[in-house]
Amino acid sequence: MIDKDKIESMLLGQDFGDYKWISPKDIIVSHWVRVKCTFGCSEYGLGTCPPNTPPVDECREFFNEYDSGLIIRLNRYADRDSYPSDWSRDMTKRLLALEREIFLSGHQKVFLLNQTCCSLCKDCSGTRSACRDKKNSRPSPESFAVDVYQTVRNAGMAIDVVSENPAEMNRIALLLIE
Ligand code: SF4
């Protein structure tokens, strides 16, 4: 049984105030997301991205193994040509700290899908086995074939394609808990 009040106080402790509880069974997993990872994404082949992630059908089964989840939305006004890397690293650090705190409170299955492709190292090894920080590297929702736009909208949160630059952008993390 999840004590949502307790976990929400952990969220606020890391300064995450924009979130929604969801059932992981409602996460939309789609083949088109994997195709767009494979063709057209410059991050393809990084250590936490396809082809280093499970097949789409296994991703679906993985989400079905959880009772509860959180969408955590991060907002930042940014220029895509000078991405705020320090801010992103800080967000990742806090999300990992939150995952750890929830784990230590008795939820051994907790797992973070991070708000970005892993960028802990300047030069990614490109494989899981040669990863330089196995303990802290986490996949993004997209690398697990999550249709982030539809999943977030179905949860009642706003998210749109960012058509201007610079502009307010959203980064989405998922936290699976049981
Ligand atoms: S920790 Fe480093 S080597 Fe491992 S996936 Fe992340 S960037 Fe790549």
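This short talk walks through one predicted model, from a helix pair to a sheet, a ligand shell and some backbone details.

Some ground rules. Residues are numbered from 1 along each chain as its sequence is written, and side-chain values use heavy atoms, with hydrogens and water left out. Because this is a predicted model, local features need pLDDT of at least 70 and side-chain atom pairs count only at pLDDT 80 or more, while totals for chains, interfaces and linings use all residues.

Let's start with the helices. Take helix α1, residues 4-13, and helix α4, residues 85-104. Their axes come within 10 Å and cross at roughly 150°. Axes are lines fitted to C-alpha atoms, for helices over the stretch in contact, and angles run from 0 to 180 degrees between N-to-C directions. So α1 is roughly antiparallel to α4; the term covers angles over 145 degrees.

Which residues of α1 and α4 meet? From α1, Ile7, Met10 and Leu11; from α4, Leu98, Glu101 and Ile102. Contact means heavy atoms within 4.5 Å. By class, this contact has 5 nonpolar, no polar and 1 charged residues. Ala, Val, Leu, Ile, Met, Phe, Trp, Tyr, Cys and Pro count as nonpolar, Asp, Glu, Lys and Arg as charged, and the others, Gly among them, as polar.

Next, the sheet. It is open, with 4 strands in the order β1-β2-β4-β3, and the pairing is antiparallel. Two strands pair if DSSP finds at least two bridges between them. The edges are β1 (19-22) and β3 (111-113), each pairing on one side only. From one strand to the next, the twist averages 20°. Between β3 and β4 (residues 167-177) there are 3 bridges. Phe111 sits opposite Leu176 of β4.

Now the ligand. Residues around it include Gly47, Thr48, Cys118, Arg128 and Asp133. Around means that a heavy atom of the residue lies within 4 Å. The shell has 5 nonpolar, 4 polar and 3 charged residues.

Last, the backbone. Most residues other than glycine have a negative phi, and most peptide bonds are trans. Where are the exceptions? Pro50 to Pro51 is a cis bond, with omega near 5°. Pro51 is in the loop between α2 (31-38) and α3 (56-64). Asn165 and Pro166 are also joined by a cis bond, with omega about -5°. Pro166 lies between α5 (148-154) and β4, in a loop. Asp15 has a positive phi, near 70°. Its loop runs between α1 and β1.

Definitions and conventions: Helices (H or I, at least four residues) and strands (E, at least two) are DSSP runs, numbered from the N terminus. Angles under 35 degrees count as roughly parallel, over 145 as roughly antiparallel, 65 to 115 as roughly perpendicular and the rest as oblique.
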